[in-house]
Amino acid sequence: QDAANSSPNIKYDFCVAELRPYPGSGSADQKSLTVIAASLTKDKATSTSAKVKNLLASTSDPKTKQCLESCESVYEDLLSDLENGHPGHQGGSPGRRQDLSQRRCGRARHLRRRFQGSEGPRP
């Protein structure tokens, strides 16, 4: 609830629906919910990154390749942040971690909109 109240980009109902299936999430504190959310994000980013790489390998259209390469970069950066811990990860403020995550997600949304506006086949 605190995260949703602090940012218009975070939707409380979405967070509850995504976190609810994880055992213990209903009674977890904020730190535990953050760990669960990071794990969920890593799983979904890994899956999406693999799909992007498969699409890259199967296209020859230069414009499509350019869009997919941009997407690939976003997901590689996100996975690197999650794997290695980004600035603020160890002992840093939750606000700093949230800000970095929101920027990565915002970059992904920007690329999706840009890609949807391009001509040619879409993955």
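Predicted model: local features only at pLDDT ≥ 70, side-chain atom pairs only at ≥ 80, totals over all residues.
Q: Is Y22 buried, partly exposed or exposed?
A: The relative accessible area of Y22 is 27%. Buried requires under 20% and exposed requires over 50%. Y22 therefore counts as partly exposed.

Q: Which residues does Y22 touch, not counting those up to four places away in sequence?
A: Y22 and L33 are 11 residues apart in sequence, and their C-alpha atoms are 9.6 Å apart. Leaving out residues up to four places away in sequence, the residues that Y22 touches are I36, L40 and D43.

Q: Where is T59 found?
A: Helix α3 covers residues 30-58, and α4 covers residues 62-84. T59 is found in the loop between α3 and α4.

Q: Is T59 buried or exposed?
A: The relative accessibility of T59 is 17%. The cut-off for buried is under 20%, so T59 counts as buried.

Q: Which backbone nitrogen does the side chain of T59 reach?
A: Not counting residues up to four places away in sequence, T59 touches T64, K65 and L68. The side chain of T59 also reaches a backbone nitrogen at 3.4 Å, that of D61.

Q: What span is expected for α4 at 1.5 Å a residue?
A: α4 has 23 residues. From its first C-alpha to its last, α4 reaches 32 Å. This is close to the expected span, 33 Å.

Q: What is the relative accessible area of D81?
A: D81 lies in helix α4, whose buried residues include T64, L68, Y75 and D81. D81 and K42 are 39 residues apart in sequence, with their C-alpha atoms 9.6 Å apart. D81 counts as buried because the cut-off is under 20% and its relative accessible area is 14%.

Q: How many disulfides does the structure hold?
A: A disulfide requires two cysteine sulfur atoms within 2.5 Å. The structure holds zero disulfides. C71 is in no disulfide, and the nearest cysteine sulfur, that of C67, is 7.0 Å away. The number of disulfides is therefore zero.

Q: Is C71 buried or exposed?
A: C71 has a relative accessible area of 17%. C15, at 29% relative accessibility, counts as partly exposed. With the cut-off for buried at under 20%, C71 is buried.

Q: What share of the residues of the chain counts as buried?
A: The chain exposes about 8,300 Å², and carbon and sulfur atoms supply 52% of that area. Of the 123 residues of the chain, the share that counts as buried is 24%.

Q: In which helix is confidence lowest?
A: The mean pLDDT of the chain is 77, and 68% of its residues reach 70 or more. Confidence is highest in α3, at a mean of 89. Confidence is lowest, at a mean of 58, in residues 94-116, helix α5.

Q: How many contacts beyond four places in sequence does the model have for residues 119-123?
A: Over residues 86-92, pLDDT stays under 50, and the model has 11 contacts beyond four places in sequence for them. Over residues 119-123, pLDDT also stays under 50. For residues 119-123, the number of contacts beyond four places in sequence is 10.

Methods
Residues numbered from 1 in each chain as written. Heavy atoms only, no water. Helix = DSSP H or I, 4+ residues; strand = E, 2+ residues; numbered from the N terminus. Buried < 20%, exposed > 50% of the residue type's maximum accessible area, 1.4 Å probe, protein only. Polar contact = N/O pair within 3.5 Å; in protein donor to acceptor, adjacent residues only side chain to side chain. Contact = heavy atoms within 4.5 Å. Expected span 1.5 Å × (residues − 1). Areas by Shrake-Rupley, 256 points an atom, 1.4 Å probe, with all protein chains shown as cover. pLDDT = per-residue confidence, 0-100.
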